[in-house]
Amino acid sequence: MVDFIDEGLIHSILEDSIRPERAEIAEILAKARECRGISLKETASLLNIQDEELLSEVYDAARYVKNKIYGKRVVLFAPLYTSNECTNNCLYCGFRHDNKELHRKTLSVEEIVSEAKAIEEQGHKRLLLICGEDAKKTDIRHFTDAMDAIYKNVNIKRINVEAAPMQVEEYRQLKNAGVGTYVIFQETYSREVYKKMHQVGRKADYDWRITAIDRAFQGGIDDVGVGALLGLYDYRFEVLGLLMHAMSFEKRFGVGPHTISVPRLRPALGWALDKIPFQVNDRDFKKIVAVYRLAVPYTGIILSTRESEQMRDELLGIGVSQISAGSKTSPGGYKEEEDKADQFSVNDHRSLPKMIETICQEGYIPSFCTACYRRCRTGEAFMEHAKGGDIHEYCQPNAILTFKENLLDYGTEQLKEKGEEVIGKALLEIEDAGMRLKTVERLKELEGGKRDLY
Ligand code: SAM
Ligand code: SF4
């Protein structure tokens with residue numbers, strides 16, 4: 001049995017910090033503002049806060065840390081569902097094997113390319129391939145053939161993959177095919193709850209899943225994304241479990257998670273639950289995002305369209321650094337919407353241009369940047385920049401340049417006007433005068449017809 005997670009320790013840390021003192025919280029937040037993370041015990045104290053005033057101090061600290069490390073940029077991407085066939089039967093998921101209501105489909109390489117083109121036409125530059133687990137329908141070739149074809153035929157610059165656990169050799173193939181981040185959610189870090197939710201199929205093996213990140217590293221992938229499905233169990237336990245997992249692989253491989261996702265469980269068509277076991281309310285959800293931001297400041301936080309417009313807008317401020325937009329959650333959904341093929345129903349239906357407009361209105365800058373990955377700032381190299389606090393020196397100019405390109409190629413007149421205003425302000429925020437000048441020159445080059453500058 002793998003011992004990455006000490007469940008007894010998590011419970012005792014949570015019990016010991018049940019009623020955090022005001023002075024203690026002030027001390028933790030002061031430490032968190034140094035952007036070097038906080039301990040599990042300190043994280044538990046923040047998670048146990050109930051007082052609204054103290055919570056707003058947590059949000060302020062998260063806002064500060066996010067701006068310090070990443071600047072004002074928000075990276076955009078879209079998920080591409082390649083298949084909804086699945087041999088597992090996760091009780092909470094609409095794709096589960098026993099759900100007879102779902103229309104099943106696995107896309108061919110041509111269909112995947114056509115979906116990627118539809119995503120590109122919205123203005124996206126990065127996508128996330130995602131599907132159910134079915135060794136016959138979606139083996140490693142399914143992913144690598146799709147990636148080869150997309151990189152060759154579509155102007156998509158970064159492909160991330162969210163897929164079931166693989167063998168080391170398969171991860172190597174994924175790396176060779178040009179994967180950006182490999183993402184996998186443990187769902188729950190509680191063995192007992194995991195067992196209840198995943199009774200059959202390959203996914204029933206908790207250890208096989210929690211060791212997937214190790215095999216990904218062994219296969220040469222160094223940007224990995226993790227997540228706990230919020231709503232299966234006590235969120236405080238899950239946050240600490242995820243951080244314990246992250247600490248364990250960082251210790252062994254020298255790299256922490258590149259991203260943390262915060263999927264919140266939603267009712268799905270044909271799921272096998274009658275209710276969400278541990279419903280996470282909006283207030284606690286907001287707290288979770290802020291606490292992750294403070295605990296692992298150098299890690300990107302990803303928010304999907306599972307969340308509402310209002311929640312997504314609010315969370316931009318307190319720690320989220322990547323969001324999906326214009327998403328479809330069924331295979332083939334971008335070309336033609338099919339009824340009864342979705343994994344879950346989307347809660348924010350705004351198109352990419354609408355989302356761009358909102359990000360601008362909220363005072364942030366939309367980014368389509370894929371530079372770190374293409375400049376080999378991945379894994380440990382990325383972490384060094386991020387931990388050194390200088391990643392925004394790259395992020396801000398690259399956000400400006402990629403946003404400008406998006407406006408030139410896809411923007412309406414109205415969006416261009418708003419966008420130029422945001423770009424003007426963002427330029428002034430580049431501290432290094434030389435870098436600012438270089439960015440202004442590159443903006444002119446983009447106007448002259450050049451593309452893909454970073
Ligand atoms: N099948 C692969 C796997 O299980 O790792 C790929 C990912 S699955 C399509 C994507 C993720 O969606 C799951 O890992 C789970 O956390 C999440 N998910 C499943 N059912 C959900 C629901 N009803 N509401 C919100 N998220 C859900
Ligand atoms: Fe299949 Fe993944 Fe859904 Fe589980 S969460 S039923 S493995 S698609």
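Predicted model: local features only at pLDDT ≥ 70, side-chain atom pairs only at ≥ 80, totals over all residues.

Biologist: How many residues surround ligand 1, and which are the closest?

Modeller: A residue is counted here if one of its heavy atoms lies within 4 Å of the ligand. On that basis the shell around ligand 1 has eight nonpolar, two polar and eight charged residues. The number surrounding ligand 1 is 18, and the closest are Glu187, Lys203, Arg209, Arg266 and Arg306.

Biologist: How far is a polar side-chain atom of Glu187 from an oxygen atom of ligand 1?

Modeller: Polar contacts are pairs of N or O atoms within 3.5 Å. For Glu187, the separation is 2.5 Å.

Biologist: What share of the area of ligand 1 does the protein bury?

Modeller: Ligand 1 sits in the largest cavity. Taken alone, ligand 1 exposes 560 Å². Of that area, the protein buries 97%.

Biologist: Which residues are around ligand 2?

Modeller: The space that ligand 2 takes is the largest cavity. By class, its shell has four nonpolar, two polar and two charged residues. The residues around ligand 2 are Cys86, Asn88, Cys90, Cys93, Phe95, Arg96, Gly132 and Lys203.

Biologist: Which residue forms a salt bridge with Glu53?

Modeller: Side chains of opposite charge can pair when their charged atoms come close. A search of the whole structure finds 33 salt bridges. In the one formed by Glu53, the closest N and O atoms are 3.8 Å apart, and the partner is Arg22.

Biologist: How many residues apart in sequence are the parts that this pair ties together?

Modeller: Glu53 lies in helix α4, which covers residues 52-70. Arg22 lies in helix α2, residues 22-32. The pair therefore ties together parts whose separation in sequence is 31 residues.

Terms used:
Residues numbered from 1 in each chain as written. Chains lettered and ligands numbered in written order. Heavy atoms only, no water. Polar contact = N/O pair within 3.5 Å; in protein donor to acceptor, adjacent residues only side chain to side chain. Areas by Shrake-Rupley, 256 points an atom, 1.4 Å probe, with all protein chains shown as cover. 1 Å grid on protein atoms, 1.4 Å probe; cavity = no way out; pocket = protein on both sides within 12 Å on 5 of 7 lines; lining within 4 Å. Sits in = over half its atoms within 2 Å of the grid points. Nonpolar A, V, L, I, M, F, W, Y, C, P; charged D, E, K, R; others polar. Salt bridge = Lys/Arg side-chain N within 4 Å of Asp/Glu carboxyl O. Helix = DSSP H or I, 4+ residues; strand = E, 2+ residues; numbered from the N terminus.
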